[in-house]
Amino acid sequence: MRQILIYCLLSLPIMIMLGWFYFDKRKLKRKEARRAVLNAKPLAPEYLQILKTQYPLYSRLPEELQRKLVSHIQVFLDEKDIIGRGEFDVTDTVRVLIAAQACTLLLNRPGNYYPGFRTILVYPDTYVASSTQHDGLLQVTSTSTRAGESWHRGPIVLAWEHVLQGALDSRDGHNVVMHEFAHKLDEENAAMDGLPLLPTAEQYQQWSQVLSAEFAVQQRKLANGDDDVIDSYGATSPAEFFAVVTETFFEKPQQLQRHHPKLYEQFKQCYLLNPLEWRELNQS
Ligand SMILES: [Zn+2]
């Protein structure tokens with residue numbers, strides 16, 4: 001009797017683990033089935049109209065990528081909560097333009113829809129946020145005006161005026177949605193350090209070599225006050241470098257390829273996309 005009791009007690013953790021494993025597997029299967037249904041669903045005509053009129057990058061995509069973007073948008077909108085701050089009204093335009101810009105990064109990347117967080121908070125325009133830093137016994141709180149931010153394993157915050165501007169002008173090299181969602185890709189492998197998950201194991205070494213060298217160049221340029229197609233904010237940290245170059249890769253691919261060919265190649269392999277091939281790109 002005692003032996004049976006000991007045996008039961010020892011088996012209990014294993015049974016609980018197996019139960020969790022089974023529960024997780026079923027949950028994942030249900031999620032995949034739901035995604036497959038949403039992926040196959042046609043986009044509502046009014047949503048398509050928003051894409052065509054307010055997100056010019058959509059019209060430049062090859063048809064196959066347009067179809068992919070539309071199918072990703074449906075899953076994204078199902079899995080994320082977009083919430084207005086203050087009096088801000090979250091309309092269909094707000095939902096579609098945030099989803100479209102975020103999902104452009106996912107077009108050919110295998111896998112998930114930005115796992116680990118659900119909420120996107122939207123302010124009507126730039127907002128003031130405070131942050132606290134500790135240095136020994138000293139605690140310093142400062143405030144700054146922001147167009148967006150990504151909390152580690154937490155929500156994304158966006159300023160609508162900048163979201164809209166980013167959608168309407170897909171060639172100025174600035175896109176707050178792509179920037180903040182690049183941070184989310186970056187943190188998929190734990191740390192937000194400028195190293196996202198790459199499609200193959202062989203790519204990591206080259207990525208590290210090229211990105212380290214290019215980041216050092218950007219830091220020197222920032223110190224000397226030299227201009228570059230990559231915004232100087234990218235030189236503030238490896239994480240910001242990845243997010244800023246992501247904006248440049250999608251919005252100024254010709255200039256990025258011309259001035260930083262090795263970097264362009266790494267981003268091409270990271271996103272499995274080549275924006276240089278997309279229609280109507282006549283950048284100087
Ligand atoms: Zn950033």
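**Domain arrangement, sheet and helix packing**

The C-alpha centres of domain 1 and domain 2 lie 21 Å apart. The domain assignment places residues 23-192 in domain 1 and residues 196-284 in domain 2; such bounds come from an automatic or database domain assignment. Between the two, 31 residues of domain 1 are in contact with 24 residues of domain 2, contact meaning heavy atoms within 4.5 Å.

The model is predicted: local features need pLDDT of at least 70, side-chain atom pairs count only at pLDDT 80 or more, and totals for chains, interfaces and linings use all residues. Residues are numbered from 1 along each chain as its sequence is written, and side-chain values use heavy atoms, with hydrogens and water left out.

An open sheet is formed by 4 strands in the order S1-S2-S6-S5, with mixed pairing. Strands (E, at least two residues) and helices (H or I, at least four) are DSSP runs, numbered from the N terminus. Two strands pair if DSSP finds at least two bridges between them. Strand S1 (81-84) and strand S5 (148-150) stand at the edges with a single partner strand each, so one side of each lacks a neighbour in the sheet. On average, neighbouring strands of this sheet are turned by 20° against each other, direction ignored. S5 pairs with strand S6 (residues 156-159) in the antiparallel sense over 3 bridges. Ser 150 has Ile 156 of S6 as its bridge partner. Helix H5 (residues 92-104) packs on the sheet. H5 touches S1, strand S2 (119-123) and S6, and its direction makes about 130° with that of S1. Axes are lines fitted to C-alpha atoms, for helices over the stretch in contact, and angles run from 0 to 180 degrees between N-to-C directions.

Strand S3 (residues 127-135) and strand S4 (residues 138-146) pair in the antiparallel sense over 9 bridges. Tyr 127 has Arg 146 of S4 as its bridge partner. His 134 stands opposite Gln 139 in S4. The hairpin has 2 residues between S3 and S4, and Gly 136 in the turn has a positive phi of about 60°.

H5 also packs against other helices. Helix H4 (residues 63-79) meets H5 at an angle of about 115°, with their axes 9 Å apart. The crossing of H4 and H5 is right-handed; a crossing is right-handed if the near helix is turned clockwise from the far one by less than a right angle, and left-handed if anticlockwise. H4 contributes Leu 69, His 72, Ile 73, Phe 76 and Leu 77 to the contact. H5 contributes Arg 95, Ile 98, Ala 99, Ala 100, Ala 102, Cys 103 and Thr 104. By class, this contact of H4 with H5 has 9 nonpolar, 2 polar and 1 charged residues. Ala, Val, Leu, Ile, Met, Phe, Trp, Tyr, Cys and Pro count as nonpolar, Asp, Glu, Lys and Arg as charged, and the others, Gly among them, as polar.

The axes of H5 and helix H7 (residues 176-186) come within 8 Å and cross at roughly 55°. H5 and H7 are therefore oblique to each other; angles under 35 degrees count as roughly parallel, over 145 as roughly antiparallel, 65 to 115 as roughly perpendicular and the rest as oblique. H5 passes H7 in a right-handed crossing. Ile 98, Gln 101, Ala 102 and Thr 104 of H5 meet Val 177, Met 178 and Phe 181 of H7. The H5 contact with H7 has 5 nonpolar, 2 polar and no charged residues.

H7 also packs on helix H9 (residues 238-251), their axes coming within 8 Å and crossing at roughly 130°. That angle makes H7 oblique to H9. The crossing of H7 with H9 is right-handed. The contact of H7 with H9 has 8 nonpolar, 3 polar and 3 charged residues.
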